[in-house]
Structures are given as structure tokens and as C-alpha cells.
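Okay, thanks everyone, let's get going.

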Amino acid sequence: MYVLLSAPDEAPTGALALTPLDAQGNPAGPARTVTPANLAAVVRELETKNPRWVWQRTGDFYPALLSAGVSVERCHDLTLCRNILANSSFTAHTDYAKNTQAEPMEEPLDERPSLMSNPLQDSLFAEPVAAKGPPASALASQLRAQLAALRQATEPGRLALLLAAESAGSLIAVEMQHAGLPWRTDLHEAILQEHLGPRPQGLNRPEKMEALAAELRLALNAPSLNPDSPQELMRALHRAGIEAKTTRQWELVNIKHPAIEPLLAYKKLSRLHSANGWSWLDTWVADGRFRPEYVVGGVVSGRWASRGGGALQIPKQIRGAAHADDGFKLIVADAAQLEPRVLIALAQDTKMAEAARDKDLYAGIAAQGFGGERAKAKVALLGAIYGSTTGESGRLMPQLTRTYPHAVGFVEDAARAGERGDTLTTRLGRSTPPPSDGYLRTQQTTNEAEQRRADSFARSRGRFTRNFVVQGSAADWAACWLAELRRRLRALAEEVRGPRAELVFFLHDEVMVHCPEPLVEQVSALVEDAAAAAGELLFGKVPVAFPVTTAVVDSYDKAK
DNA sequence: TCTGATCGCGCG
DNA sequence: AAAGCGCGCGATCAGA
């Protein structure tokens, strides 16, 4: 059932312990110890019995296993699952949650950084590592406590699904880092050359940036201006009679002055150069692959975060450099209007579900309540999900509320509950953290001046919780989508000889598969099957679909 | 000279 | 000063 991989209970010899456990986490046979050098072979052998691997963190062992050519079907990541179970409203009544909250250090899971540290070097040359961290008995006891909490949960089915999906995500994150996003340095350099000019020597500005800086200094009559300094820039703008409160693009763009055009152009190039220029390439791309670290559970809502190279912010400008190998394609799939569709399912809004029958949800809503104006429908709906009160979307709210009282009522209730300090929970059971110190400190006040701050904190938490339920439930869906897709891709690889289709990128509601050309049709179908499966896992049979838009391309810029 | 905060902007 | 949600990162700025 489970096999726990950890340090042994006996003196730390550098050996690793493999401990078989039953469905409740109790010992189910003799433990065995292996040396780090033998680990991969032993895991490969045991994997034929399809156990669920248990470890403190997937990142402790899995990179080395992958480097040794061994992958596993499923696991239970104790750290990620602990974070969910300790906070979930589905388990709030259990001893596990109470103890973990009151005594977070009672059963310490080692908080030290993963044994794998430097992503770029280590993922290529990962060596089997000796386990530090808690010994087998401590981790087995942690697993038992988690499984007990799960059995007592108010929604054990949903929560079990979340833990499985989160753990599958931890495998996928390491696998994607291992595989890397195919990245053509030559294409990237061509893009840089086109926009910035040749690579500059040392720390000099690229040619085209320097030219724009000169033009800007002339237009502002500020010969020594450093446009990278917001303070200097602000002073120079004011001297030139430009009344700007900030130096942000969206504010500058409305100003009519000969300096604005070169300034905005400079800012654009500056961003490209500093965020994704030549030094980015040097730092993050090696052997034709971009290998960021994905941080599962890195966002409270359950979205992933990343470390290294700004992996989740690859600008459209350079996506042409993400390019399939010869004989491969990139399959880029995007869940169309995921968050609004999740809201429909959560709120059971049948009227909006009708609008969502076509693939273009916003067009459907526009037809029902906005006189066919799609842009208005989109702004209104996103405003409802984000908690907008001002501007166009604020003005459109009454109209949206009249047409869809259920959906709007759902997010309004989430906002009101958050303002009161309540806990909100996603479909599968991930809950909001407790209110911030600032919120708690100010809510008791009777002082009139403090009341404004208190209200502001309350409204801020309301906007957060309003969005949390939708964004987080969308993350639940995406985690299931990804896990279902991974399972299908592994099954396909069993069936078909030759190179495999691999997940290489994931961005909240979008996945990318690096796919051998002969498999493109099959894999595209798997992506859609997985999306349909995710919808049913979360919501059962509901009248709202979660369509995916799939593009088969050579390079990422050709998708969408 | 170093460190942490802030600004600004990229993505969903 | 507040800001429609969630992030990461590089450059600058402020303070020790």
C-alpha cells in the first residue's frame, strides 16, 4: 500500500530506510535499509507493485531517482499534505488540526531546505543522497495522523482527492524541472538582437536602449538623466511640465508630450534586457532547456509558484524561443475561461451555465445581459470575481447581479464572510489562512480614526476571500487536470515505443506537452479527456463544461 | 558597503 | 493614501 522512504530509526549511517505501511499507516512488514547508491534500483523493483511512496518532501528524493532513470506512479508528500490538513475547514474539528495549530513544532517535519538545492546544476547531475530529517518512526506516525484526520474529515472524498492531486503535482513539478522547457538560445538571441541590438560589453546599455535614452534626455532637457531611476525621472518629468504622480506605464500612456514615446519605448526595452536578456539566458538556460523550479502549494490559493528565471512570467515577446525539438511538437492547451466556469459550478448558477454552453462564455453572457457587448460582459464578470467597486466594472455590477443573482451572490457571500474573519474553503478543501495581524489588531477598535483602518483591512480581506474561493477551486481543477493527464501520458508511454510525450510547462490554467509528432493526435485527445475527468472529479455531473483550447505548434508564440 | 523595502512590470 | 485577485524578479532607494 504505502512505502515510506526516510532516514532509518537507528543511528544515522547515511543509509535509507524503506518501510512498508498498511492503509492506516501501520507497519506492514519488515523495513529494509538501502545505501543511497542502491536506492534507484530498489525503488524500480518495488514500483512494479504500485505502492504509494511516502516521503517528507518529494524534492528530497525524486530528482535523484529521475536522474537514475526511475519514475514513480504516485506518492504522498507529507509536508504538502500537512499544510492542507492543518488548515482545512474540513478537518478543523480533528485532533490533528488542533494539535498542528497549537503545537506546530510538536511533530517537527524538517523545515530545512530540500537536499536538492541548486536547480540548474543539480538536476542534471543529481546524486543519490543520504536522508537527513526525521526517522522512519516519526514520519510513519505523521502519516497515521494525517490519514486519521482524513477519515474524520467532513468531506473525506474531496480532501483525499486534493491530497492525491497535490502529491501528484509534486511529482510533476520535479519531472518538469528534470525535463526542462525546450529553449532555443539562437532564437532567443535573434529576438534580443532585433529589439536591443548586439549584445553590449559588460554592464553597458544595449545600443537601442542608449539611443532612446539620448532621445529622452533631449526631449526633457535633462542631459544627465538616468531613466532607470524613478526619482530622477520623476523630477525631470516635473521640470518639463509633465504632471505625473508615478512613472508607471499606464499613467504615462495618457500624457501627450514628445518625451513620452521614447520613455515608454525605453521602459519596454529595459524590461526585456534586465528580465529576459542575455544574462537571463546565461543563468537559466543550459543544454537547450529552461529548468525553473516549480513550487507546488507556493500560493495560498493552491496555485503553484516558481523560483528561478521568472518561469511563470515568460513574456509573450520571447515565447518564440520556446521551440520543440526536431520531430516534436509543442501541444499548448489552455482551459478556456476557467475561473468563471468554476464559479458557475460552485454557485450552481443555471442561468450562467446556459451562457457557458458555447465555448465563448463571455459572448454567451454578453448575449444574455449586455446587449451583445462581449468586452463589457468580460470586464463585469472578472470584476465580480476580483471584487472591483470602481471604474467600468464597478458600474456594470448591478446589471450582472440582476442577470445572475446566484453567481454574484456566491462571491458576495464569500466577501462578506471574509470581512467578518471567517474561513473560506475551496471545492476540494483548501482553506484560507487566518486573518492577518493587521486585521485582528484593528477589528476590536472603538476609536473612530482607527475604524477607517479597520474597515480597510476588512474590505481587503473580503476581496481576498472572494477571489480565493474561485481562484483556489480553479487551482483544484487544474491540479486534477494535470494529474489525470500525467496518468494518461504514462499509460500511453507503456503502450507505444519510442520517444515519450512529456509535460514541460504548467501555468495556472495552461499546460504544455513536448510531443513526438506521431503522437500528436493521441496526446491532444488525452489533454481533453483529462480536462473532462477533472470537471467530473470536482463537481460530478454538472451542466457546465471545462473546454480546453489546444494548439499544436513548433514554438510557444504560435499558441493563442 | 551591505540589507531590506519599494517601485515597476511581466504572467495568469 | 488606496488600489479589483494571485505571484517573482531586477533595479533603485533608504537606512544602518
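So, start with strand 1, residues 2-6, and strand 2, residues 16-21: they run antiparallel, and five bridges join them. If you want one pair to look for, take Y2, whose bridge partner in strand 2 is L21. Keep in mind that this is a predicted model.

Helix 1, residues 36-47, packs on the sheet here. It touches strand 1, strand 2, strand 3 and strand 4, with strand 4 being 52-55. Compare directions and you get about 130° between helix 1 and strand 3. Then there's helix 7, residues 156-179, which also packs on the sheet, touching strand 4 and strand 5. The direction of helix 7 makes about 95° with that of strand 5.

Now, in what order do the five strands come? Read across the open sheet and they go 3-2-1-4-5, with mixed pairing. As a reminder, strands of a sheet pair through backbone hydrogen bonds, and that can be parallel or antiparallel. At the edges you've got strand 3 (32-34) and strand 5 (75-77). Each has a single partner strand, so one side of each is left without a neighbour in the sheet. From one strand to the next, the twist averages 25°.

Okay, on to a helix pair. Helix 3, residues 78-87, packs against helix 6, residues 136-152, at an angle of about 35°, and their axes are 11 Å apart. The crossing is left-handed. Helix 3 brings L78, C81, R82 and L85 to the contact, while helix 6 brings L139, Q142, L143 and Q146. By class, that contact comes out as five nonpolar residues, two polar and one charged.

Which residues come nearest to DNA strand B? Out of the 19 around it, they are T247, R271, Q313, R319 and D509.

Let me zoom in on some atoms. T247 has a polar side-chain atom 2.7 Å from a phosphate oxygen of DNA strand B. For a base, look at Q313: one of its polar side-chain atoms lies 2.9 Å from a base nitrogen of DNA strand B.

Helix 12, residues 260-276, gives the largest share of the surface near DNA strand B, with three residues. And that surface has nine charged residues, six polar and four nonpolar. That's my tour, thanks!

Definitions and conventions
Residues numbered from 1 in each chain as written. Chains lettered and ligands numbered in written order. Predicted model: local features only at pLDDT ≥ 70, side-chain atom pairs only at ≥ 80, totals over all residues. Heavy atoms only, no water. Near = heavy atom within 4 Å. Polar contact = N/O pair within 3.5 Å; in protein donor to acceptor, adjacent residues only side chain to side chain. Helix = DSSP H or I, 4+ residues; strand = E, 2+ residues; numbered from the N terminus. Nonpolar A, V, L, I, M, F, W, Y, C, P; charged D, E, K, R; others polar. Pairing = 2+ DSSP bridges. Axes fitted to C-alpha atoms, helices over the stretch in contact; angles between N-to-C directions. Contact = heavy atoms within 4.5 Å. Left-handed = near helix turned anticlockwise from the far one by under 90°.
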